[in-house]
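Here are my notes on the model you sent over, as numbered points. I hope they are handy while you have the coordinates open.

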Amino acid sequence: MSKPLVAIRSVSKNFGEFQALKQVSLDVHAGEVLCLIGASGSGKTTLLRCVNQLTPADSGGVWLDGELQGVREQNGRLHRLSERQVAKQRLKTGMVFQRFNLFPHKTALDNIVEGPVQVQGRPRKEVIAEAMELLRRVGLAEKADNYPSQLSGGQQQRVAIARALAMKPMLMLFDEPTSALDPELVGEVLAVMKELAKSGMTMMVVTHELGFAREVADRVVYMDHGVIVESGSAADVLGSPREARTQAFLSAVIR
C-alpha cells in the first residue's frame with residue numbers, strides 16, 4: 001500500500017476539562033473519499049480542524065504529503081511553527097464550512113479570485129479564466145457578477161467550494177457543508193461534491209447525509225466521544241456495522 005496522503009497519529013485535544021479527541025489515528029490515501037459520521041460533539045469537526053491546523057492538537061501529530069503539520073521537530077522536541085509558516089502549509093488544503101463565509105462586498109467571481117491573487121500572487125487575468133471555469137464546474141457561470149446576498153444558500157456554498165478549489169489544494173475538507181441549507185438546496189451541493197469525488201480529489205467529509213456517504217465514500221468512519229469506534233467500507237459500516245455503538249447511532253438516525 002502506498003504511503004497515505006494524510007497520516008493522523010495519536011491526536012488528542014482538550015477544551016478545558018472536555019476531551020474532544022482521544023488518541024485518534026487515521027490514514028487517508030490520495031484519491032480517497034472518507035466520510036466521518038457520528039453525533040454532534042463526537043469529535044468529527046475537531047479532527048478536521050486539527051488536520052487543517054485551525055485547532056492545534058495537544059498531542060500526537062498530523063502529516064500531510066509526508067510533512068508534519070503545525071510543528072517542527074528539533075533536537076527531539078517539537079516547536080510550534082509561526083503563523084506565517086502554518087498559513088503556508090494550510091495552502092495544501094481547502095476547507096468548506098457549514099457557513100459560507102463569502103465576502104459580502106465582492107461578487108461570486110471576485111470571491112474566488114481573491115485567494116490565488118492576494119495569497120499566491122498569481123496573475124489576475126490567468127486566475128479569472130480559471131475562476132470562470134470553476135464557476136462553470138459548479139453550475140454557476142451565469143452568477144459570476146452576483147453578490148452573495150443575491151444568491152441562495154446552496155449557490156453560496158457552491159461558490160465557497162469553487163473558492164477552495166481555486167487554491168489548487170491536494171486535500172479538500174468539508175465540515176457538514178449542507179447542514180445550514182434548506183432541504184431543497186442540499187442536493188445541488190451534494191451533486192457538486194459527487195462530481196469532485198469522481199474527479200479523484202482526496203476528500204474528508206463530516207456529514208449527516210448518510211445517503212451521500214453510502215454512494216460516494218470509499219471509507220466511512222464512525223466517531224463517538226472523541227474516539228474512532230468503527231471504520232470500513234460504506235457497505236460494511238452503514239449496511240452491517242459490527243459495533244453496538246454504531247448500530248445504535250444508525251438506528252437512531254435512519255427512520
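This is a predicted model: local features need pLDDT of at least 70, side-chain atom pairs count only at pLDDT 80 or more; totals for chains, interfaces and linings use all residues.

1. Q120 is partly exposed, with a relative accessible area of 30%. Q120 is found in the loop that runs between helix 3 (108–118) and helix 4 (124–137). Leaving aside residues up to four places away in sequence, Q120 touches G115, A166 and M167. For a distance to check, take V206: it lies 86 residues from Q120 along the chain, and their C-alpha atoms are separated by 28 Å.

2. Next, S40, which sits in the loop between strand 3 and helix 1 (44–51). Is S40 buried or exposed? S40 is exposed, with a relative accessible area of 66%.

3. Q155 belongs to helix 5 (residues 153–165). The relative accessible area of Q155 is 15%, and this residue is buried, the cut-off being under 20%. Which residues does Q155 touch, not counting residues up to four places away in sequence? They are L140, K143, Q150 and E188.

4. Two backbone angles deserve a look in your viewer. Most residues other than glycine have a negative phi. S10, however, has a phi near 50°, a positive value in a residue other than glycine. S10 is found in strand 1 (residues 6–15) and is partly exposed, at a relative accessible area of 31%. E176 is not a glycine either, yet its phi is positive, at about 45°. The place of E176 is in the loop between strand 9 (171–175) and helix 6 (183–198). With a relative accessible area of 12%, E176 is buried.

5. Now for helix 9 (residues 244–253). Which of its residues are buried? The buried residues are T246, F249 and L250. Seen down the axis of helix 9, these fall within an arc of 95°, so they line one face of the helix.

6. How does the radius of gyration fit the length of the chain? A compact globule of 255 residues would have a radius of gyration near 18 Å, and the chain has 18 Å, which agrees. Along the principal axes, the C-alpha atoms fill a box of roughly 55 × 50 × 40 Å. Among contacts between residues at least 6 apart in sequence, 64% join residues at least 24 apart.

7. Finally, burial, surface and charge. Of the 255 residues, 50% count as buried. The chain exposes about 12300 Å², and carbon and sulfur atoms supply 49% of that area. On the charge side, the chain carries 31 positive and 28 negative side chains. How far apart do the centres of the two sets lie? They lie 5 Å apart.

Conventions
Residues are numbered from 1 along each chain as its sequence is written. Side-chain values use heavy atoms; hydrogens and water are left out. The radius of gyration is taken over C-alpha atoms; the globule rule is 2.2 Å times the number of residues to the power 0.38. Buried means under 20% relative accessible area, exposed over 50%, partly exposed in between (1.4 Å probe, protein chains only). Contact means heavy atoms within 4.5 Å. Accessible areas come from the Shrake-Rupley method with a 1.4 Å probe; for residues, only the protein chains shown count as cover. Lys and Arg count as positive and Asp and Glu as negative; His and the chain ends are not counted. The place of a charge is taken as NZ of Lys, CZ of Arg, CG of Asp or CD of Glu. Helices (H or I, at least four residues) and strands (E, at least two) are DSSP runs, numbered from the N terminus. The arc is that of the directions from the helix axis to the C-beta atoms.
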